[in-house]
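Subject: Structure for your review

Dear colleague,

Please find the structure below. My notes on what was found in it follow directly after.

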Protein chains: 2
Amino acid sequence: MTVWDRPEPPTRPVPLDRERIVAAAIALADEGGLEAVSLRKVAARLDAGPMRLYGYISTKEELFDLMVDEVHAEILPEEQPGDWREVLRIRAHRTRQATRRHEWLADLLGGRPALGPNALAVTEATLAALDGLADLDTVLRAVETVSAYFTGAIRREIANLRAERATGLSKRDWQRASGPHLRRMLATGRFPALAKAVHDGTEVDAEASFATGLDWVLDAVAAKLAQPPA
Amino acid sequence: MTVWDRPEPPTRPVPLDRERIVAAAIALADEGGLEAVSLRKVAARLDAGPMRLYGYISTKEELFDLMVDEVHAEILPEEQPGDWREVLRIRAHRTRQATRRHEWLADLLGGRPALGPNALAVTEATLAALDGLADLDTVLRAVETVSAYFTGAIRREIANLRAERATGLSKRDWQRASGPHLRRMLATGRFPALAKAVHDGTEVDAEASFATGLDWVLDAVAAKLAQPPA
DNA sequence: TAATAGTTCAATACAGTATATCGCCATGAG
DNA sequence: CTCATGGCGATATACTGTATTGAACTATTA
């Protein structure tokens, strides 16, 4: 027996911490979606038994919360522009980009209040940028309205993207041909306006349509912020 | 042995169909949330074995899609007003109300493209109301922007509602006291704007804040629809 | 140094999940 | 009455999250 086949010493297990667990979970989710995240697989990726994780997190939901918060660190920009409108626009776009990097985020977005440190930091930065522009309630409503928009828009975008991927078709063709199902539905003649929309609608890229809608909402918010408090 | 204790004849199982399955699933979800919906429990509620369902649906996801579409029947109003703005507003409010009756809908809203007959009918009605108001692409963006808003807003509302329920506190108090966690966070002084918002923000009821944000978005959309096509 | 207390981790266990496979039984036709 | 067919249900598989329990190792105390 040479040194080479002497058995490895019983590998002192690498100490775990939340960060490493969350990182492993995110990696798993990036590769195979949220459903690929199981405590067993996360643990396996860290060379640990499943039960080991429960020393650091107390439930799978909590792990998801931690994952969401971790991504919020990517969303928070390094430095903020002074213009409130730009702050909101950038936040929306960064959230969208983060979701494109981590598609599973779409499944979690808006599903639970985000109270982790990074999410709070994002909120803080947003509120700070709008502070004093109008009475507090108006400001809050402005922020919430914009967030509601981009949350919903991002979710829909990802939902469509997945549907396209599943059929391997572009959005146009997807709606045109989408399985026999939609075809049949449209062929019934019960949905003339929809049929026309599917037929005549231009295919606009997702980013542009996201940005356009966002600008509309920002316009609306600007108008309300400009009004003197009632 | 009297007639009364004569054993029941081997109950010819009630024939199943999608409608009954979906209804059972919705009942389960209404009572215990989406996570309470398992194929086993749905089947049990219909006095059937789990495998029986696979003759009518091919996967659990499909069952969820059917549930969502079923609720869309509640969302589609009997008769539409002529005013496009009212049409959009009513659709938003009806979606919100449906989600309050079926909270689990919040978990599914926007998660997948809604292509069932009822969902298509809702879309059809909406598009019909906006037909001709502007060029098609603008109309589509208008509809999508409004949908994105109310989807996101409804999800957040339900998320908050659940969080409040979990702690048994009102929104105000929830944020004030919310476990030790948020308290500690705010106490660090790292989130002054947020702290001020939590401290000074008036508690507005969910419906009013939903309606206000919706009006803002509708204002924005109105402005864009009014503009002559570029 | 010896013994003991305590903490940390992993194996096992349990109850549940979605879904595939297969064999039986009941109903229909001939 | 017999036979075939097809729907149905029981069983099986490979997972899931999580509770419990016991073992092994660390640190402390006598």
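A polar contact here is a pair of N or O atoms within 3.5 Å; within protein, one must be able to donate a hydrogen and the other to accept it, and residues adjacent in sequence count only if both atoms are side-chain atoms. By that rule, an N or O atom in the side chain of Lys60(B) lies 3.1 Å from a phosphate oxygen of DNA strand C.

Please note that this is a predicted model, in which local features need pLDDT of at least 70, side-chain atom pairs count only at pLDDT 80 or more, and totals for chains, interfaces and linings use all residues. Residues are numbered from 1 along each chain as its sequence is written, chains are lettered from A and ligands numbered from 1 in the order in which they are written, and side-chain values use heavy atoms, with hydrogens and water left out.

DNA strand C

Ser38(B) places a polar side-chain atom 3.0 Å from a phosphate oxygen of DNA strand C, while a side-chain N or O atom of Arg40(B) is 2.7 Å from a base nitrogen of DNA strand C. A residue is near a strand if one of its heavy atoms lies within 4 Å of it. There are 13 residues around DNA strand C, of which Arg52(A), Arg40(B), Met51(B), Tyr54(B) and Thr59(B) come nearest. Of the atoms of DNA strand C within 4 Å of the protein, 55% belong to sugar or phosphate and the rest to bases. Helix H2 (residues 39-45) of chain B gives the most to this surface, with three residues; helices are DSSP runs of H or I, at least four residues, numbered from the N terminus.

DNA strand D

The residues around DNA strand D include Val37(A), Tyr54(A), Gly49(B) and Met51(B). Sugar and phosphate make up 56% of the atoms of DNA strand D that come within 4 Å of the protein. A polar side-chain atom of Ser38(A) is 3.0 Å from a phosphate oxygen of DNA strand D, and the side chain of Arg40(A) has an N or O atom 2.5 Å from a base nitrogen of DNA strand D. From the other chain, Arg52(B) has a side-chain N or O atom 3.3 Å from a sugar or linking oxygen of DNA strand D. Helix H2 (residues 39-45) of chain A gives the most to the surface near DNA strand D, with three residues.

Yours sincerely

Note on methods: Helices (H or I, at least four residues) and strands (E, at least two) are DSSP runs, numbered from the N terminus.
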